[in-house]
Every structure is written in structure tokens, then in C-alpha cells.
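Trainee: I would like to learn how to read a protein model. Can you take me through one, feature by feature?

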Amino acid sequence: MPFIPHTDADIREMLAGIGAPSLDALFEEIPAALRSGKLTGVPDGMNEMQITRLMSDRAAQDAPLLNFIGAGAYEHHIPAAVWRIVTRGEFYTAYTPYQAEASQGTLQVLYEYQTMMASLTGMDVSNASLYDGASGLAEAILMAVRSHKTSHKVLIPAGVSPIYRSVAQSIVRLQGNELVEIPFDAETGTVDMKALQQHAGSDVAALVIPQPNFFGALEKVDELTDWAHAQNALAIALVNPTALALLKAPGQWGAKGADIAVGDGQPLGAPLSSGGPHFGFMCCKQALVRQMPGRIIGRTVDLEGKPGFTLTLQAREQHIRRAKATSNICSNQGLMVTAATIYMALVGVDGLRRVAAASHNNTAALAVQVSGISGVKRTFHGPHFHEVVLHLPKPVPAVLASMQADGVLGGYDLSAHYPQLGHALLVCATETKTEADLQQYTDALRRALHA
Amino acid sequence: MSNPANLKYTPTHEWVRTEADGSITVGITQHAQELLGDMVFVECPDAGRKVRAGEECAVVESVKAAADVYAPVAGTVTGGNGELDGAPQKLNEDPYGAWIFKMKPDNAADLNSLLDAAAYQAHVDSEAH
């Protein structure tokens, strides 16, 4: 359907109304050099039939590739009902629920979401989401610094996603905060405890603890949490929500539990779509709730005693506190969160556990299979979730290009971010992969290396 | 409720009581609590913190807004009122009894620049117009 806001007659009428002889005359005040004139690079319009044909031809060029890339965005099966429900107009078009009396449905979904996330992470409270995992990590760092009061130093392992570290650095650096990188152990790919110990006794606001880390390796979270608390620093858990179905919840890490848990919610019902949109989740202990950015939905009763839902603890949000707000990027990702809530409700606790276990098992099986190829071995030893790093006998980019020609997206090339690892490839096989898929991967890798 | 004559005031709606030992006790005025409405949380400064005159020192959060409480003069905070933890409504019920923090001024003479009750009332009246 064409979208033409004003007909020629409308425009003539409006020009006559304000006394301008023509559109050009109306804009005469703008110097000619600044006017765009005709948009010569933009072709003439096409009709619906033509554009449908053009776009389906282009879509057909996207060959159906078998995807083994993770590295922060994960392919999981999404039950068909999820997006069927999410795209209902009531959810799809809803705006920020400032007006509680007109937004009970949206508010209830957010409340249910918070309940699920608090339960998954083992924390006291959850906010209604942030933009994505990377900005969520930055907010957690700022939150830790605010609550610590004396230190602006936060320790961040090199095993945290390099993209997350870069985003966090961009957001927190100009507020006078220092992110200090902790190297990983070459054998296990997890935090080098000796290197960490060098910071013992220094004034540290927080330690970021990834679980699993970017290499898919499982960190010694209890030990790291207790270490942070012994330094009077907060423990920030950076977690994969799918993995939490199997692993210990951050609230139970160490003697006292992590203080803040953040991560990217994409694995919970959001499809892979050219990098977005994702959503970030953030949960924390009760004592930190007033340092937490973003909004929280609460359950309450109205004047007649009937239950209802409303935005709460919002006095420090930007629409009230403006420049002094806890954060000025505290929008939530309402639609993605709605998908996550429906996804979690549909798959349930057992379903999520099966998704996590199948993803772990598939990746483990793939690692064993490809280790049979001459020159291929796992870079790190130790437990992993659903990603592993493979060391290849040849440069990774050429291998990936060759595998792609065979219909396989072979993984994420680590050489740019971790040159010290040599020809290192990060591979992920979720529950979506069959035995035949794993075999296809192994064959494609073998051909790429030894053709 | 009128503003007690034995207290000093700031244009930013803090009241200040000078103690026998030269330290001062700070709270927010009747007018301030009335504007903010029902208090839900008070964040007191830690003892030992050095503050400049007019520096944000505490935060009072009501159902409507979160507002800063400023240091009336330069000095060192000696403590916050722990009783407000879990009982922020005391600021509404008894604004001139429920203090927020105590501090030691760097320079006692700075206190002379604060408003007396009449001048503060005139300031409140002028803000109303």
C-alpha cells in the first residue's frame, strides 16, 4: 500500500493558506547549496508485484547455511507459538507502560519476566531489561562503582567477550573508571588465579565473572566470588541464561552469592537476525536495588484492594531525575522480553534444561569428532558449556571460506582478538544440530584442511 | 508548622542546627517534605566524607521524585541517621526532629551566611510566585 501523506491538491491548498506560491518558494530561505535537489541515486518506485519479485529473488541468494557460530548470538529452536503471540497488536504496538491503568497486560508480562529471571539467576530482584548483554555489563560495572564509593577499578577477565569489553570500556571510561584486564590460563582458558591474586589488597570495586566465558569454558565461580568478597569488591556474574538451566545460579556462588547478574537474553526466544535486536537482563541482591538502572514492575493493590501491576522504584529514572538519573540508557526491550517470557513459559524449567544439555552434548560430540582430523585439537582443557575453541593447522579465514562453500558456517575466528592463540576457531553446536549436521561439519572441515 | 527560630536554613530547603560542640545537624524543612510527598528511602552520607558547601550529600526519595540534599557549608560528615533506614516516613512526620546527617564545618564563620527562619520563609514565599 503506498504511503502518500499529501495529495497535490492538499499541497496546493496548504500553500495557498500560508501565501506561498510554490514549494520551492517556501524553502527559498534555505541556501541552494544546502538543498538536496533531486535524489538522483534513488530509483523510481516499483509496484508491489515488482518489489515482491525483487526481494524474493534476493532472499533466494541467501543459501541455507548450517550455522555453527555462537560467540554471543545463539541459534536455538523457538516454538512457533512464541512469535505468534508476541506479534499480536496488543504487545507489538504497546508503548512504555507509564500509564498503569492502560497497560496492565504489558506490566504483567514484565512482572512475570522479572520473576522468571530472578528465579533463573537466584537473585532477589530483576529489572525489566536493558538493551543487550554488553551494555548490561557496562551498567553493572557503573552500579558496582556507585555502590562501592571509594574505588573506580573493576577487574575484567580477558575471557570476557572482546566485544563486551569494548562496549563496557566505551561506556564507563569517560566517567573515570578503570577496567583492568586479568589474563587467562593458557591451559584451561579460564581466569589465571595467580594473575588475579596480584590485585589482592588493592582497592577494587568489582570483579566480573563470566560463566561460561567467551571460549565456552566454565570458570571456578565459587572461588572467584569468594575472592571478590574478600577484597570488599562486588562479584558481577556475566552469564548465559540457557546455561543457567544446568549450572549453579549466581545467587548461590561462593559463600555469599554474586551481587549482580547480567547477560544477554537473546538465547531465550529471539532469532538470529543480522545481529539484533537482543535484550540485556540484569538482576541483583535486594541491597543494591536502588543502584540498579532501568525500571522495575511491582505487584500491588488498587484502592479497592484488587491486585494490579505498576512501574515502581522509578524515582531515579531519567524521566524524573533527568541528568542525575541512575542511567540515561535505561530503556528496556519490551518486545524481546515478551518473547523471552513466552519462550520460558512454553519450554519450562525441564525444557530449558533439555535445550542446555543437548547443546552441551552436541558441542562435546563435535569436539570429539573433529579431533579425529589430523592437526585439529582443542585449545583448552577443562569443562565447557556449548562452545569450544579448536586449534587448526591452517589460518582460520581460508578454512572458513572453504567450509562456507560447502554450506557450513564453521565458527568464529578468534585470531583478531586473541592472536596469541594462533589459528583458533570458536565453535558452537546447539540443540538445533542433528548427528548428520555434526557429520557434515566434520566432513567440511576435513575437506577445507586436507583437500 | 512554622520554621523553628533556633535553626538556620538554606535556599535549597535544608535546616541546620548548631550543636554545643560546634558540629551541625542537617535535615530537610517542613516545606521540602511537603513538596516531595511520602518518603520511601533516604540515602545518608558516610562518616568521614569531605564535602564542599552546596555539594550533593544525601538523597531523599519519595513516591514522586528523588532529590539531593546539599551540604550547607564545607566540612566533614560525621555520620548519617541510621534510624531513617526502614523508617523514611519520619521525615514526613517530624521534619525538624528527623535529621539526615551531622557534620563538622571547616569554618564556623561559614554558618553566618545561612538564612534565619524569617529570611527562609520569605525565600519560600518568593518561590511560590
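Mentor: Start with pairing. Two strands pair if DSSP finds at least two bridges between them. Keep in mind that this model is predicted. Now take the case: strand β11 (residues 377-378) of chain A pairs with β12(A) over two bridges, in the antiparallel sense. Within that pair, Arg378(A) stands opposite Leu390(A) in β12(A).

Trainee: How many bridges link β12(A) and β15(A)?

Mentor: Five bridges, and the pairing is antiparallel. Strand β15 covers residues 424-428 of chain A. Here Val389(A) stands opposite Leu426(A) in β15(A).

Trainee: Is strand β12 of chain A mostly covered or mostly open?

Mentor: To judge cover, count neighbours. A residue is buried if 20 or more other C-beta atoms lie within 10 Å of its own, and exposed if 12 or fewer do. Strand β12 (residues 387-391) is mostly covered, with four of its five residues buried.

Trainee: Let us move to chain B. In what order do the strands of its open sheet stand?

Mentor: The order is β4-β6-β7 in chain B, and the pairing is antiparallel. β4 (39-43) and β7 (66-70) stand at the edges. Each has a single partner strand, so one side of each is left without a neighbour in the sheet. From one strand to the next, the twist averages 25°.

Trainee: How many bridges join β4(B) to β6 of chain B?

Mentor: Four bridges join them, and the two strands run antiparallel. Strand β6 spans residues 56-62 of chain B. One residue pair to find is Val42(B) with its bridge partner Val60(B) in β6(B).

Trainee: Now helices. At what angle do α13 and α14 of chain A cross?

Mentor: Look at the axes. Those of helix α13 (residues 396-405) and helix α14 (residues 435-450) come within 9 Å and cross at roughly 130°. The two helices are therefore oblique to each other. The crossing of α13(A) past α14(A) is right-handed.

Trainee: Which residues make the contact between α13(A) and α14(A)?

Mentor: From α13(A) come Val399(A), Ser402(A) and Met403(A). From α14(A) come Ala444(A), Leu445(A), Ala448(A) and Leu449(A). Sort them by class: six are nonpolar, one is polar and none is charged.

Trainee: Is Ala206(A) buried or exposed?

Mentor: Ala206(A) counts as buried because it has 25 C-beta neighbours inside 10 Å. Find it in strand β5 (residues 206-211) of chain A. Then ask what it touches. Leaving aside neighbours within four places in sequence, its contacts include Ile141(A), Val154(A), Ala228(A) and Leu234(A). Ala228(A) is 22 residues away along the chain, yet the two C-alpha atoms are separated by 6.8 Å.

Trainee: Where does Asn81(B) lie?

Mentor: In a loop of chain B, between β8 (75-80) and α2 (90-93). Asn81(B) counts as buried because it has 20 C-beta neighbours inside 10 Å. Not counting residues up to four places away in sequence, Asn81(B) touches Cys44(B), Ala98(B), Trp99(B), Ile100(B) and Phe101(B). Its C-alpha atom and that of Ala98(B), 17 residues apart along the chain, are separated by 8.1 Å.

Trainee: What about the backbone? Which residues does a cis peptide bond join?

Mentor: Check omega. Gln211(A) and Pro212(A) are joined by a cis peptide bond, with omega about -10°. Pro212(A) lies in the loop between β5 and α10 (221-230) of chain A.

Trainee: What is the phi of Lys149(A)?

Mentor: Positive, about 75°, although Lys149(A) is not a glycine. Its place is the loop between α7 (133-148) and β3 (153-157) of chain A. Lys149(A) counts as exposed because it has 11 C-beta neighbours inside 10 Å. With 12 other C-beta atoms within 10 Å, Asn232(A) is exposed.

Trainee: Last one. How many residues of chain B are in contact with chain A?

Mentor: Six residues of chain B are in contact with six of chain A. On the chain B side, three are nonpolar, one is polar and two are charged.

Methods
Residues numbered from 1 in each chain as written. Chains lettered and ligands numbered in written order. Predicted model: local features only at pLDDT ≥ 70, side-chain atom pairs only at ≥ 80, totals over all residues. Contact = placed C-beta atoms within 7 Å. Axes fitted to C-alpha atoms, helices over the stretch in contact; angles between N-to-C directions. Parallel < 35°, antiparallel > 145°, perpendicular 65-115°, else oblique. Left-handed = near helix turned anticlockwise from the far one by under 90°. Nonpolar A, V, L, I, M, F, W, Y, C, P; charged D, E, K, R; others polar.
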